[in-house]
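Q: Could we go through this structure together? I would like to start with how its parts pack against each other.

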Amino acid sequence: MGYLPEQSTDSDLKSPLTPMPDENRESILCAYASWLEKHPSALDNFEEMMSIAKGKNIVVFLDYDGTLSPIVDDPDQAYMSDAMRAAVREVASCFPTAIVSGRRRSKVYEFVKLRNVYYAGSHGMDISTPLGSSKCEDQKHQIKSVDEKGNHVVLFHPAKEFLATIQEIIKVLKEKTKRIKGSMVEDNMFCVSVHYRRVKKEEDVGVLREIVESIMKDYPNFHISGGKKVMEIRPDVNWDKGRALMYLLGTLGFDTSNDVLPIYLGDDRTDEDAFKQNGRRTSNRREN
């Protein structure tokens, strides 16, 4: 089991009005400028993006929390606005569109309520598509099913053998963390989120981390990673949002195409797996 510390959020940063030593300010500005050179703003380079997209089949991938909805104190209240839903509906009417979230897939659908997009939950470990992918190397994890509307679908569950253990972990976590006021354990089917945005005392956050890390020592086939005021617990499977992106491209017949431009929008550390995969895919296409 490994642990990656949480990423910083706006609320964790000092106010711009807080005095800061000149050398620290200069160091931060230099680091930010260096980062921008490697990660230029898409909006600032919109015309260049459009020239790259010319003649390409665009496929859109979207994170949910923090991208389509605001980050809120109560994860169950992370509703997207009607304007955002209308925007996603319009995008999906023009380009194949998928939402890839760390949430349980059914929960994301409850928030989005659009039937013209694909959904991938549990950081890509729970994908539903009409046909699946014939080129997927892991065919044993593709399951034919029927959705709530009676439509035939193919589910892709690369971590299905961990389901029983995940339910056991959730039970233990809820029992052991209930004394930490403001904490919340969220069942995301193939992964677990331990939220602490509503934990007011910093010392309680430390105690919560210790509890979670202590529990997970008994589950060596799982690891903990950090997010925005959340600890994410996932099974050790060779799968992430980047691989989910490639799987979804495969279901659309675009996995080996040079004429496709995948665009991924996300704001969390787990989205970086998709950014990296998309970058590698683009580099390989250029080389070939």
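Q: Which strands does α6 lie across?
A: In this predicted model, helix α6 lies across β8, β9 and β10. The helix runs at about 10° to β10.

Q: And what is the strand order in that sheet?
A: The order is β7-β8-β10-β9, in an open sheet of four strands with antiparallel pairing. On average, neighbouring strands are turned by 20° against each other, direction ignored.

Q: Which are the edge strands?
A: They are β7 (184–187) and β9 (222–226), each of which pairs on one side only.

Q: How many bridges link β9 and β10?
A: Five bridges join β9 to β10 (residues 230–235), in the antiparallel sense. Gly226 stands opposite Met231 in β10.

Q: What does helix α5 touch in the sheet?
A: Helix α5 (residues 163–177) packs on the sheet and touches β7, β8 (192–195), β9 and β10. The direction of α5 makes about 165° with that of β7.

Q: What is Leu173 in contact with?
A: Leaving aside neighbours within four places in sequence, Leu173 is in contact with Val185, Val192, Val194, Val212, Ile215 and Ile233.

Q: New topic: what is the phi of Ser122?
A: Ser122 has a positive phi of about 50°, although Ser122 is not a glycine. Most residues other than glycine have a negative phi.

Q: Where is Ser122, and is it buried or exposed?
A: Ser122 is in the loop between β3 (118–121) and β4 (126–129). Ser122 counts as buried because its relative accessibility is 0%, and buried means under 20%.

Q: And Met189, where is that found?
A: Met189 is found in the loop between β7 and β8. Met189 has a positive phi of about 80°, although Met189 is not a glycine.

Q: Last one: what pLDDT does the protein chain average?
A: The chain averages a pLDDT of 87, and 89% of the residues score at least 70. Over residues 1–18, however, the pLDDT is below 50. Beyond near neighbours in sequence, that stretch has 40 contacts in the model.

Methods: Residues numbered from 1 in each chain as written. Predicted model: local features only at pLDDT ≥ 70, side-chain atom pairs only at ≥ 80, totals over all residues. Heavy atoms only, no water. Contact = heavy atoms within 4.5 Å. pLDDT = per-residue confidence, 0-100. Pairing = 2+ DSSP bridges. Helix = DSSP H or I, 4+ residues; strand = E, 2+ residues; numbered from the N terminus. Axes fitted to C-alpha atoms, helices over the stretch in contact; angles between N-to-C directions. Buried < 20%, exposed > 50% of the residue type's maximum accessible area, 1.4 Å probe, protein only.
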